[in-house]
Amino acid sequence: MAIEVEDLSKSYGDLRAVDGVSFSVDPGEVFAILGPNGAGKSTTVEILEGHRRRDGGRVTVLGVDPTEGGRAFRNRIGIVLQEAGVDKELTVRETLDLYSTAYTRRRSIDEVIEMVELADKLDERISRLSGGQQRRVDLALGVIGTPDVLFLDEPTTGFDPAARRRSWELVRDLADNGTTIVLTTHYLEEAEELADHLIVMAGGTIVAAGTPESLRDQAGEATIIRFALPSVDASLAGLLDPLHGDASGRDRRLEISTTKPTADLAHITGWALQHGIELDGLSVASVTLEDVYLRLVGADS
Amino acid sequence: MSDASASLAPDRRSPFRRDLQLLVRSVRAENRLFWRTPIGAFFTIGLPLVMLVIFVAIFGNDPIGTSYGEFATAQFYAASLGVFAAASATYTNLAINLTMRRDDGVLKRVRGTPIPPWVFLAGAILSGMWIAAFATTLMVGIGIVAYGVDVQLAQLPAMIVAFLAGTACFATLGVALAAVSKTASAAPAIANATILPLAFLSNVFVPLDDPPSWLNLIGDIFPLKPFAVAFTEAMSPFSDAPAFEWDRLVVLIGWTVIGAFVAAKRFRWEPVPGASRRGRGRRNRRSAA
């Protein structure tokens, strides 16, 4: 195991930020932690990085307790944190040169700069780079010590879609070469694209765990039928009662989650024809990971 | 973004050599950051020079009464403002830089790498002392060239000792101030609120010839006057070179120990929640000066 977490807990005052969280990560896998703000993702990851002390539970990363791993431990991990700044009046080269000196397994600056595609910005001050380019400097600093475990905290926030795709390729390449990657993200697409395993956190606890596929399966084979209902005289019971699936709705928008989409759709359209009603925005879609995710964390958060 | 395979050259450096390389690169990076932030460079180096020119213009360069004897104005101010520039380059700059970079998360990043904390702090301290050396040398040099200030070669050893003790002391106090300041906006306020009043009663801005004893006492207790007196005596034409002011140096060492103790106890690498200055400019860093 690259990472083992057992019954981890951490409180800030009365707030239980992380409450009895357990999971493990295999070497070379991409592990995603999903969840809304305040779910406990960052606290969990910062404990794994050694930035924060835990109140309870057991944590091992690369066989050591992160709070006691010290310099040898930090030599083997890479951290790409949203709130970790750089000195922006240094150039990209000066920054990479400074930080790389600290590691025993250094990638060359040329290699790293190729990886994050910033070769033409090497002698530019970081203050003159765009937000996305600055994030790529973060990424470069994360991998310059050839880490065994790389922590990525929302690594592609602020990237354009093309840059995001290329970063995903980089993450996949790193994982293929044996780097274990722990990723927090609020982009579901990112987790679905990259993660071998993922957990969904809400309110400090794990509300779902598995592979992206298994998570989607948790919703069963459900299909979602959506449409808007114009104001009608007909009784809604005639529409809703015979349905196999569960209906939910707000205002006039209805959403029916069903395992028998063919029969339910036939009934709905039959009912609409019978009453001479057009169903606005009628759509039929299989459940996406996002539907499952929103249900797990509560759509309001 | 492709081919993440590692092409690793084995690290042949001994741990000592690696740390030494790191320290040298840290000092170099800190120096670059200083010069690339022109406003800070102006306040540290330019402003004391402007004060030298103004004071000599106001008082003329004739002998004035000081606690060291009758000095030409420039002889007094080249030494005392040299000390002020050195204290500002270490104390004020380190306090502001470290708190600002803590708020920006730079310190947090450093803490997540194998860079030892002592190497990072030593880099900042040595860079501050290096910039102080530049500022003081420039001040005394301009005094010699433009105002006929007298410095003998034999006086240099005592001047250098006073300079090293003073800057090491104020650099340590700068780290200590960063440790007790919650945010980067508090640091310049506290730094200036402490060093500017002290400069008036420490033989720095005003030559004190026989001041009231309570004023003397306050000056003697805090580190700026010991630094100023040790340095000025060392380059005074009335002193027998080398003039080591041992009692003053002991006070400086005492404050260094206090500063180191506070820094060791209280220094934090994590930004205070909500203190982030990300995206904001750095232009107002010395607004309280």
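In this predicted model, helix H3 (residues 73-103) of chain B packs against helix H9 (residues 224-234) of chain B at an angle of about 135 degrees, the two axes lying 9 Å apart. H3(B) also packs against helix H6 (residues 156-180) of chain B, here at about 25 degrees and with the axes 8 Å apart. Chain B has 10 helices and 2 strands, while chain A has 11 helices and 13 strands. The contact between the chains takes 35 residues from chain A and 31 residues from chain B.

**Packing of H3(B) with H9(B)**

- Two packed helices are described by the angle between their axes and the distance between the axes.
- The handedness of the crossing of H3(B) and H9(B) is right-handed.
- On the H3(B) side, the residues that meet H9(B) are B:Ala79, B:Ser80, B:Gly82, B:Val83 and B:Ala87.
- Their partners in H9(B) are B:Leu224, B:Phe227, B:Ala228, B:Phe231 and B:Thr232.
- Sorted by class, this contact of H3(B) with H9(B) comprises 7 nonpolar and 3 polar residues, with no charged residues.

**Packing of H3(B) with H6(B)**

- The angle of about 25 degrees between H3(B) and H6(B) is under 35 degrees, and the two helices are therefore roughly parallel to each other.
- H3(B) and H6(B) pass each other in a right-handed crossing.
- H3(B) contributes residues that include B:Val83, B:Ala86, B:Ala87, B:Thr90, B:Tyr91 and B:Leu94, as well as B:Leu98 and B:Thr99.
- H6(B) meets them with residues that include B:Phe163, B:Gly166, B:Thr167, B:Phe170, B:Leu173 and B:Gly174, as well as B:Leu177 and B:Ala178.
- By class, the contact of H3(B) with H6(B) divides into 14 nonpolar and 7 polar residues, and no charged residues are present in it.
- B:Val83 and B:Ala87 of H3(B) are listed in the contact with H9(B) and also in the contact with H6(B).

**Overall form of chain B**

- Read from the N terminus, the elements of chain B follow the order α-α-β-β-α-α-α-α-α-α-α-α.
- The radius of gyration of chain B is 20 Å, which agrees with the value near 19 Å that a compact globule of 289 residues would have.
- Along the principal axes, the C-alpha atoms of chain B fill a box of roughly 75 × 40 × 35 Å.
- Buried residues account for 48% of the 289 residues in chain B.
- Of the contacts in chain B between residues at least 6 apart in sequence, 83% join residues at least 24 apart.
- B:Gly46 is located in helix H2 (residues 38-59) of chain B and is partly exposed, with 15 other C-beta atoms within 10 Å.
- The C-alpha atom of B:Gly46 is separated by 9.0 Å from that of B:Ala85, a residue 39 positions away along the chain.

**Overall form of chain A**

- The C-alpha atoms of chain A fill a box of roughly 75 × 45 × 35 Å along the principal axes.
- Of the 301 residues in chain A, 42% are buried.
- In chain A, 69% of the contacts with a separation of 6 or more involve residues 24 or more positions apart.

- Most residues other than glycine have a negative phi.
- A:Leu62, although not a glycine, has a positive phi of about 55 degrees.
- A:Leu62 is placed in the loop between strand E4 (56-61) and helix H2 (66-74) of chain A.
- With 18 other C-beta atoms within 10 Å, A:Leu62 is partly exposed.
- A:Thr146, likewise not a glycine, has a positive phi of about 45 degrees.
- The loop between helix H5 (131-143) and strand E6 (149-153) of chain A holds A:Thr146.
- A:Thr146 counts as buried because it has 23 C-beta neighbours inside 10 Å.

**Contact between the chains**

- Chain A supplies 35 residues to the contact and chain B supplies 31 residues.
- On the side of chain A that touches chain B, at least two residues come from each of H2, helix H3 (92-100), helix H4 (109-115) and helix H6 (161-176) of chain A.
- H6(A) gives the most to this side of chain A, with 6 residues.
- By class, the side of chain A that touches chain B has 12 nonpolar, 8 polar and 15 charged residues.

Methods: Residues numbered from 1 in each chain as written. Chains lettered and ligands numbered in written order. Predicted model: local features only at pLDDT ≥ 70, side-chain atom pairs only at ≥ 80, totals over all residues. Helix = DSSP H or I, 4+ residues; strand = E, 2+ residues; numbered from the N terminus. Rg over C-alpha atoms; globule rule 2.2 N^0.38 Å. Buried ≥ 20, exposed ≤ 12 C-beta atoms within 10 Å, placed from the backbone. Contact = placed C-beta atoms within 7 Å. Axes fitted to C-alpha atoms, helices over the stretch in contact; angles between N-to-C directions. Left-handed = near helix turned anticlockwise from the far one by under 90°. Nonpolar A, V, L, I, M, F, W, Y, C, P; charged D, E, K, R; others polar. Parallel < 35°, antiparallel > 145°, perpendicular 65-115°, else oblique.
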